[in-house]
Every structure is written in C-alpha cells, then in structure tokens.
Amino acid sequence: DAAMYDVKFNGKNHWRYYSQGIEDSNQRRMMIANGLRKALERGELELYYQPKIQISSGAVMAVEVLLRWEHPLYGRIMPSEFIPIAEETGMVLPIGEWVLRKACKDYKAWEKVGCAPEKLCVNISPRQFSDHQLIPKIKQVLEETNFHPQRLGLEITENVAMYNMAEAETKLTELKEMGILLALDDFGTGYSSLNYLRRITFDKVKIDRSFIKDVLSHEQTAKIVQSIIFTAQSLNMTVVAEGVETKEQLDFLKANHCDMAQGFYICKPLPSKELIEFLQKE
Ligand code: C2E
Ligand code: MG
Ligand code: MG
Ligand code: MG
C-alpha cells in the first residue's frame, strides 16, 4: 500500500516508494536463500564450540557446536537468521550433514591432544529431524569419522515433533538405542513442554536462556527455574542452564543444584583452535 510509506524524490526526476527497511529485509532473505549453497561449497561456513561445565566441579563435560557464516561481502551471519531460511529451502539438510562431519573431525583433533570433553552436542532443527534419512546419515558420518555414538549428543527443540509425535518418539528411541544422548533444547518456550517430558525420556533438559536472564530480577521466574530443575531431576534428567552471563546467575543455579551451565560468563563459543587452548588451561 503506497500510502503506508513515505514517498521520496530520488533526485533523478522520478518518485519512488521509500520502504527501504522492508525491501532490505526481503533482499537479505533472498541473498541468504540463494547464497547458502555457495556458502557450503566455498567453505564460508565455520564451526564454533561452546563449553558446558558441571557446576559443582567446574569441569568441562561437553561442547555445543554452533554454526557461523562468514560472508565475504556481508560479514558474519548468525544461525538465528539463516537456519530458519535454510529450513524453508531444505539447505539445512546438506548443511546439517556437513556440520556433523566437520564437528566429528574437529573432535578427533581434540582427542589427539588429550583434551576432548566427554560429549559433542549438535543442534538438529525440525526439518532435519523429520528427514527420513536422518538416522542413516548420522550412522554413515559416525562410521566415516570413526566417532563413537556415546560421544554424540543431539539438541532438539520441542517443536521437532510438531508434525508427528508418534513418529518422533520412534526416531528418538532409535537414536537412544544407538547410544546417542538426547537433549531437549530451549526448554520452557514451546507449546507443551511438560507434555513432552511425559512422553519422551530425554537425557538432558536445557533451560532456555530467557529464563536465566530474569532469574535474579523476577521472583516468579526464579520459582519456575527451581521447579524445572526439580522436575527434570525427578525424571533422572540432567539439567543444563543456557545463557549464563553473570557470576550471580551461576551462584543461583549452584544453590539450586542445577547440574550444568553454559554461557558467556563461563566461555563464549570459540573456533576449534581457541577451544583447545581453553580446554588445555582447564
Ligand atoms: P541454541 O541451540 O539454543 O544455542 C544457544 C545460543 O545461545 C547460541 O546462539 C549461543 O551463541 C548463544 N549463547 C550462548 N551463551 C550465551 C549467553 O551467555 N548469552 C547470550 N545472549 N547468548 C548466549 P547462536 O550461536 O546464535 O545460535 C542460535 C541458534 O541457532 C541455536 O540456538 C540453534 O537453535 C541454531 N543453530 C546453531 N548452530 C546450528 C547448527 O549447526 N544446526 C542447526 N540446525 N541449528 C543451529
Ligand atoms: Mg542448542
Ligand atoms: Mg538453546
Ligand atoms: Mg535457542
């Protein structure tokens, strides 16, 4: 609707709609949708790793794999922006396979220098999860990289089973039987978080960082976090707090017996080389 925008004289004798913001965001979406395949082929994707510590001991128990896109023209693009687009185009499938393969290889390098943590945790988005080839692909990559399934964790959000709960249960059971650790990511933000816990046994629950952010300033949030910790532990699940940014937040989690923590206060996501330095200092 033309009336929605300011009309601006562009100095060349014609008028144009001044809706730069909207045009820019559509153009950026297009750029991302069209650029992802090349990004993968040209090696513009990079992996960063963020440690997860056991709160009681401070020991690094796992690292989470986080994808970055270093675009030659537009600079760093974050997964929160391009993963949803890759989901729509389907590019998330080859990208996800690349992520797993590359992460398994990097892990082998940490093993060689004797600092590999127990688990390597990879994010799996809904489209990847609903892919019928998911399990065969994982098996193939693990074999190819000689990576033990017991070392692998998959982080999935509540909406992975959005389409078909029964099918999701079957798949999750098969992954568990392979020895793969299952973590429920961003817990508390989905439609029926508790219903999930009733039906599917996860090994880990990750409390969404929006809760951790308010845990000290909002009494109700603090109570909810305490009860998530209690509920998860009653079900024999390990509880991880994500997005821990301050010592005070970590202290609160420690006082409330949360098992593990992850966040900028502990360590930012790092490239493989820097992660090794961090792990060796431990
Ligand atoms: P997530 O799995 O919930 O990952 C946690 C996000 O929180 C990461 O953002 C991480 O960098 C950020 N983070 C960690 N600690 C802190 C903190 O203390 N404060 C704040 N403000 N943020 C913190 P990132 O790397 O931008 O990733 C965003 C999301 O993109 C991830 O959320 C995950 O859902 C998705 N993602 C990332 N890598 C992959 C991937 O390889 N495959 C798939 N399918 N999804 C991915
Ligand atoms: Mg995650
Ligand atoms: Mg999360
Ligand atoms: Mg998230």
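## Report on selected helices, loops and the ligand site

Ser210 belongs to helix α8, which comprises residues 209-214. The model described here is predicted. With a relative accessible area of 36%, Ser210 counts as partly exposed, because that category lies between the limit of under 20% for buried residues and the limit of over 50% for exposed ones. The side chain of Ser210 is joined to that of Asp208 by a polar contact of 2.6 Å. Ser210 and Arg198 stand 12 residues apart along the chain, and their C-alpha atoms are separated by 23 Å.

Helix α5 covers residues 134-144. Its buried residues are Leu134, Ile135, Ile138, Val141 and Leu142. These residues lie on the same side of α5, because the arc that they cover around the axis is only 130 degrees. Their packing partners are α3 (92-112), β6 (119-124), α4, β7 and α6.

Just after α5 comes Asn146, with a positive phi of about 55 degrees. Asn146 has this positive value although it is not a glycine. The loop that holds Asn146 runs between α5 and β7. Asn146 is exposed, its relative accessible area being 61%.

A further asparagine with a positive phi is Asn236, for which the angle is about 60 degrees; Asn236 is likewise not a glycine. Asn236 is placed in the loop between α9 (219-234) and β10 (238-241). With a relative accessible area of 70%, Asn236 is exposed.

### Helix α6

Helix α6 is formed by the 13 residues 165-177. At 1.5 Å a residue, this helix should span 18 Å, and the distance of 18 Å between its end C-alpha atoms agrees with that expectation. The expected value follows because 1.5 Å is multiplied by one less than the number of residues.

Which residues of α6 are buried? They are Met165, Ala168, Lys171, Leu172 and Leu175. Around the axis they cover an arc of only 125 degrees, so they are on the same side of α6. The face turned away from this buried side carries the exposed residues Thr170 and Glu177. The cover over the buried residues of α6 includes α4 (126-130), α5 (134-144), β7 (152-157), β8 (181-187) and α7 (193-199).

Just after α6, the chain reaches Gly179, which takes a positive phi of about 100 degrees.

### Ligand 1

Ligand 1 is surrounded by 22 residues, the closest of which are Arg68, Asn123, Arg209, Glu245 and Phe264. Distances from polar side-chain atoms to atoms of the ligand are listed below for Glu64, Asn123 and Ser125.

| Residue | Atom of ligand 1 | Distance |
|---|---|---|
| Glu64 | oxygen | 2.9 Å |
| Asn123 | oxygen | 2.8 Å |
| Ser125 | nitrogen | 3.4 Å |

On its own, ligand 1 has 790 Å² of accessible area, of which the protein covers 85%.

Methods
Residues are numbered from 1 along each chain as its sequence is written. Chains are lettered from A and ligands numbered from 1 in the order in which they are written. This is a predicted model: local features need pLDDT of at least 70, side-chain atom pairs count only at pLDDT 80 or more; totals for chains, interfaces and linings use all residues. Side-chain values use heavy atoms; hydrogens and water are left out. Helices (H or I, at least four residues) and strands (E, at least two) are DSSP runs, numbered from the N terminus. Buried means under 20% relative accessible area, exposed over 50%, partly exposed in between (1.4 Å probe, protein chains only). The arc is that of the directions from the helix axis to the C-beta atoms. Contact means heavy atoms within 4.5 Å. A residue is near a molecule or strand if one of its heavy atoms lies within 4 Å of it. A polar contact is a pair of N or O atoms within 3.5 Å; within protein, one must be able to donate a hydrogen and the other to accept it, and residues adjacent in sequence count only if both atoms are side-chain atoms. Accessible areas come from the Shrake-Rupley method with a 1.4 Å probe; for residues, only the protein chains shown count as cover.
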